[in-house]
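Dear colleague,

I am handing over the structure below, and after it you will find what turned up when I went through it. Please read the notes with the structure open beside them.

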Amino acid sequence: MSNVKAYGAQDSKSALTSLVINRRDLKPNDIHIEILFCGVCHSDIHTVRNEWGGAIYPVVPGHEIVGKVKAIGSDVTKFTVGQTVGVGVMVDSCRTCKNCIDDYEQYCESGATGTYNAKERDGSGEITMGGYSSEIVTDEKYVLRVNQTENLAAVAPLLCAGITTYSPLKHAGVKAGMKVAVVGLGGLGHMGVKFAVALGAEVTVISTSASKVKEAHSLGAHHFILASNTDALTPHASTFDIVLNCISADHDYMPYQNLLRLDGTLIIVGLPEHQPKISTWGLLKNRRSIMGSMFGGIKETQEMLDFCHEKNISADIELIPISYINEAYDRMIKGDIKYRFVIDLSTLS
Ligand code: NAP
Ligand code: ZN
Ligand code: ZN
């Protein structure tokens, strides 16, 4: 067992502060990673503030991890010391259910083990702690190869924001000729725009922030709708094939569902605190579908990382020291980030 520096929350109301956590001794299939960068996902805030319930304190968040392999267990075959690697939203799953075998570990029938705030499956009773820390020890099966060699801080958000938007857009068959709307231009949303554009779609950003118009276009979006008031969406009813909803706060889903044309799909990846009501009449019109999607399996996450490497896609980030994390959370709540905070973990020491 080794003691490592970390940042975390002791309860749902207090600011995050520094603390020391334990990392386990290497098991045969484990790799020990020195963490370089960790993105700040809105799920970190939902969990720290216990907005979804079930938080186990102290919570050390962070599931957009990029680092270097420091040591490997005796049976490790995928990685060598010194290699650049990533860890995303999960660190384990049952490995035997149909979904795990089919490379959909995120939909493990007994629930995938989150990178933080989850009970380890080894019977130790330990709670997983995430990437707001200097080091992590984890099973190689859930670790990703990072071939990118430059700007690794901007690669970190691909491990959650990237795969969470790539996976449903691919599953929905987004391609040239399709009209895609991305709602909520935050960490997930801006990656959704980049992927939808890379897949050839005509992309519209729907945002509550007038200040994001220019950047939306520089991300590749073709159109921008300012929807501080959802009445602004009425003229666009029944015009989109796909609406990717990345909103983090409670809101009415109806105005977005109404945007779908025949056989259109509302993809929900945002996870606000309270559950919305769905209109059945609104669904029947245009034979609309609603699809939820949870990050991605290891195979698809690797595919996404390789796709980003090939197409030179990464996140637009603001690099911060760990001491700035509480201010970063406040700014994210206000939508004041273009588009992902990433923590430089060298500032922890
Ligand atoms: P984020 O960076 O904070 O972005 C959220 C965006 O939502 C904001 O930038 C803002 O965009 C919009 N927004 C905020 N409040 C709003 C309101 N009241 N009404 C309308 N729009 C509002 O968050 P994120 O990290 O991208 O995460 C987004 C959501 O996805 C979170 O709920 C997170 O927990 C969830 N998530 C889900 C998965 C999954 O597996 N499905 C994975 C990761 C994250 P504008 O300024 O453009 O309006
Ligand atoms: Zn996340
Ligand atoms: Zn499983």
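Tyr339 lies in the loop between α10 (325-333) and β17 (340-344), where helices (H or I, at least four residues) and strands (E, at least two) are DSSP runs numbered from the N terminus. The peptide bond that joins Lys338 to Tyr339 is cis, with omega about -5 degrees.

Before going further, please note that this is a predicted model, in which local features need pLDDT of at least 70 and side-chain atom pairs count only at pLDDT 80 or more, while totals for chains, interfaces and linings use all residues. Residues are numbered from 1 along each chain as its sequence is written, chains are lettered from A and ligands numbered from 1 in the order in which they are written, and side-chain values use heavy atoms, with hydrogens and water left out.

A cis peptide bond is also found from Tyr57 to Pro58, with omega near 0 degrees, and Pro58 sits in the loop between α1 and β4. As background, most peptide bonds are trans, and most residues other than glycine have a negative phi.

Two residues other than glycine have a positive phi here: Asp263, near 65 degrees, and Asn312, near 60 degrees.

Turning to the metal, the protein donors of the zinc ion (ligand 2) are Cys41 (SG), His63 (NE2) and Cys160 (SG), which lie 2.0 to 2.2 Å from it. Donors are N, O and S atoms within 2.8 Å of the metal (3.2 Å for Na, K and Ca), and, as water is not among the atoms, sites may look incomplete. The donor residues are spaced C-x21-H-x96-C in sequence. Cys41, in the loop between β3 (30-39) and α1, and His63, in the loop between α1 and β4 (65-72), are 22 residues apart and link distant parts of the chain; both Cys41 and His63 are buried.

In total 28 residues surround ligand 1, the closest being Ser207, Thr208, Ser209, Lys212 and Arg340, where a residue counts if one of its heavy atoms lies within 4 Å. Helix α1 (42-48) and helix α5 (187-198) each supply at least two residues of this shell, and α1 gives the most, with three residues.

Among the pairs of atoms, a polar side-chain atom of Thr208 lies 2.5 Å from an oxygen atom of ligand 1, and a backbone N or O atom of Leu185 lies 2.7 Å from an oxygen atom of ligand 1.

Finally, Asn245 is in strand β13 (residues 240-245) and is buried, with a relative accessible area of 0%.

With best wishes

Terms used
Polar contact = N/O pair within 3.5 Å; in protein donor to acceptor, adjacent residues only side chain to side chain. Buried < 20%, exposed > 50% of the residue type's maximum accessible area, 1.4 Å probe, protein only.
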